[in-house]
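Reader: I have a chain open and want a quick rundown. Can you start with the fold and then go to one residue?

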Amino acid sequence: MIQIMSVHFDYFIPDWRTYMETIGYNVLVLVREGKVKYEINGDEVVAERGDVLFIPKSTRRSGANYMDSPHQKHTILFKLDTGLSTGIPFLDQGRFIKLKIANFQYASHRCERLYEEMRGGKSFRSFICLGIMQELIGLLAREMEKPELAPMKQKYAQIVRTYLLEHYREPIEIEQLARLIHRSPNYTTALFKEVYSHSPIRYMHQLRVMEACNLLLNSDMTVTNIAQYLGYYDTSYFFRIFKKHSGMSPTEFIIQGDQSQLFP
C-alpha cells in the first residue's frame with residue numbers, strides 16, 4: 001500500500017537545495033523546466049525537462065540547482081508497506097532509476113492534479129490521490145518495459161517534436177515534417193508514435209488545446225479569436241478538437257476553470 005507523505009511543486013526557486021541525508025522515504029521527481037543536480041549514493045545525477053527520477057528509501061542523497069540556474073519540478077514523497085510486493089519491479093527492488101518519460105505532458109498534468117488534490121480538502125481526496133499516484137507509477141513501469149530506442153530514432157523524433165513546439169500554430173502536414181528528417185511520411189509518423197506514444201498531428205492538436213486553455217483562463221480573447229489564433233478557421237472544428245483532447249467544451253472548461261483536469 002502506498003502512503004503519500006507530501007507533494008511539492010518547485011517553481012524556479014533561486015537557491016534551491018536539499019542537504020545530504022539518508023532518506024527514510026521514497027521520492028518521485030518529474031522535471032518540468034531547467035536542470036537539477038542530485039548526488040545519489042556518491043554519484044552525480046543531472047536531470048532535465050522530461051526526466052523522471054525514482055529515489056528509493058535509504059538512499060543517501062542531496063540536491064541543488066544545476067549551475068546555479070533555477071528549475072521547475074514536481075516532487076512526491078511516499079512510503080510503502082514493509083514486506084508487501086507491489087508487482088512493480090523498481091519499487092520492489094528499491095532501485096534508483098532515471099528515465100525520460102515519453103508522454104511528458106500527460107504525466108505533468110497528473111502531477112499537477114495530485115498537487116492540487118493534496119492541498120485541497122475535498123471529499124474522497126485520499127482515494128483520488130492514491131489513484132493518481134498509482135497511475136504515475138504504472139506509467140513509469142510501462143515505460144521501463146519498452147525496448148531501448150536507437151539514438152538516431154530518438155534524434156529524429158526530437159527534431160520533429162522541437163519543430164512542432166515552435167510552429168504548432170501554423171498549418172502542418174506530415175510531408176513537411178518528413179522532410180525535416182529526410183524520411184517518408186509513414187516512417188515519420190510511426191517513429192514519432194513509437195517515441196511519444198501518439199502521432200505528430202495529435203501532438204500538434206494537444207499543444208494547441210493546452211494553449212487554448214491558457215488563453216481561455218488568462219486573456220480577454222473570445223473563443224472565435226482563440227480558434228483563429230491557433231490556426232482553426234472553422235470554430236465548430238475547434239470545438240470538436242478541444243472536446244476530443246480535453247473531455248469538455250471551451251465553455252465547460254471556462255466554468256470549471258481548472259487546467260489540471262485536462263487530458264484524463
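Author: The chain has 10 helices and nine strands, where helices (H or I, at least four residues) and strands (E, at least two) are DSSP runs numbered from the N terminus. This is a predicted model, in which local features need pLDDT of at least 70, side-chain atom pairs count only at pLDDT 80 or more, and totals for chains, interfaces and linings use all residues. Residues are numbered from 1 along each chain as its sequence is written, and side-chain values use heavy atoms, with hydrogens and water left out.

Reader: What does the C-alpha trace span along its principal axes?

Author: The trace spans about 55 × 45 × 40 Å.

Reader: And how much of the chain is buried?

Author: Of the 264 residues, 45% count as buried. Buried means under 20% relative accessible area, exposed over 50%, and partly exposed in between, with a 1.4 Å probe and protein chains only.

Reader: Switching to F238. Where does it lie?

Author: F238 lies in helix α9, residues 235-246.

Reader: Buried or exposed?

Author: F238 is buried, because its relative accessible area is 1%.

Reader: Which residues does F238 touch, leaving out those up to four places away in sequence?

Author: F238 touches A212, V223, I226, A227, L230, Y232 and P250. Contact means heavy atoms within 4.5 Å.

Reader: What separates the C-alpha atoms of F238 and P200?

Author: The two C-alpha atoms are separated by 18 Å, and the residues are 38 apart along the chain.
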